[in-house]
Amino acid sequence: MATIEECRAALEKLSENMQRAEGDVRAAAALDRSVSCHITDLDVTFVGRMADRRIHVHDTLQGPPREKAEIRLAMAGDDLVALVDGELHFAKAWGSGRVKLHAGLRDLMLLRKLL
């Protein structure tokens with residue numbers, strides 16, 4: 001099971017990948033939205049903002065998100081690490097329910113290019 005530190009490092013790596021994005025992925029990375037990522041097996045939530053082609057984590061909270069972010073992810077810590085490392089395909093994980101993503105329809109269309 002991934003630790004809180006490994007999950008935070010995975011979010012940082014995703015943020016670094018977003019900085020280097022090009023083409024359609026660059027447009028998705030340029031969104032300015034509140035974001036939360038609930039790590040279900042650790043029952044912690046990283047909250048912050050996606051802006052300037054980065055994910056800025058402002059806080060780590062115990063339990064599920066307290067406020068409804070514009071982009072909300074929920075998954076096990078191992079799945080987050082595997083997604084960022086390219087070992088788990090987002091579409092398959094989302095389709096099987098391993099990863100949950102909630103966002104507005106327009107944002108979902110853009111995020112599919114990023115994830």
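Let's start with a pair of side chains: aspartate 85 and lysine 13 meet in a salt bridge, 2.9 Å from N to O. The two sit 72 residues apart, with aspartate 85 in the loop between helix 3 (77-84) and helix 4 (90-96) and lysine 13 in helix 1. Keep in mind that this is a predicted model.

| Salt bridge | N to O distance |
|---|---|
| Aspartate 85 and lysine 13 | 2.9 Å |
| Aspartate 107 and arginine 33 | 2.8 Å |
| Arginine 49 and glutamate 70 | 4.0 Å |

Take aspartate 107 and arginine 33, which pair up in a salt bridge.

Arginine 49 belongs to strand 2 and glutamate 70 to the loop between strand 3 and strand 4 (71-75), so the pair ties together parts 21 residues apart in sequence. Shared partners join Asp32, Arg49 and Glu70 into one salt-bridge network.

Now for the loop between strand 2 (44-51) and strand 3 (54-62), where aspartate 52 lies. Its phi is near 55°, a positive value in a residue other than glycine. Arginine 53 is in that loop between strand 2 and strand 3 as well, and has a positive phi of about 60°. Buried or exposed, what is arginine 53? At 19% relative accessibility, arginine 53 counts as buried, while aspartate 52, at 64%, counts as exposed.

Note on methods:
Residues numbered from 1 in each chain as written. Predicted model: local features only at pLDDT ≥ 70, side-chain atom pairs only at ≥ 80, totals over all residues. Heavy atoms only, no water. Helix = DSSP H or I, 4+ residues; strand = E, 2+ residues; numbered from the N terminus. Buried < 20%, exposed > 50% of the residue type's maximum accessible area, 1.4 Å probe, protein only.
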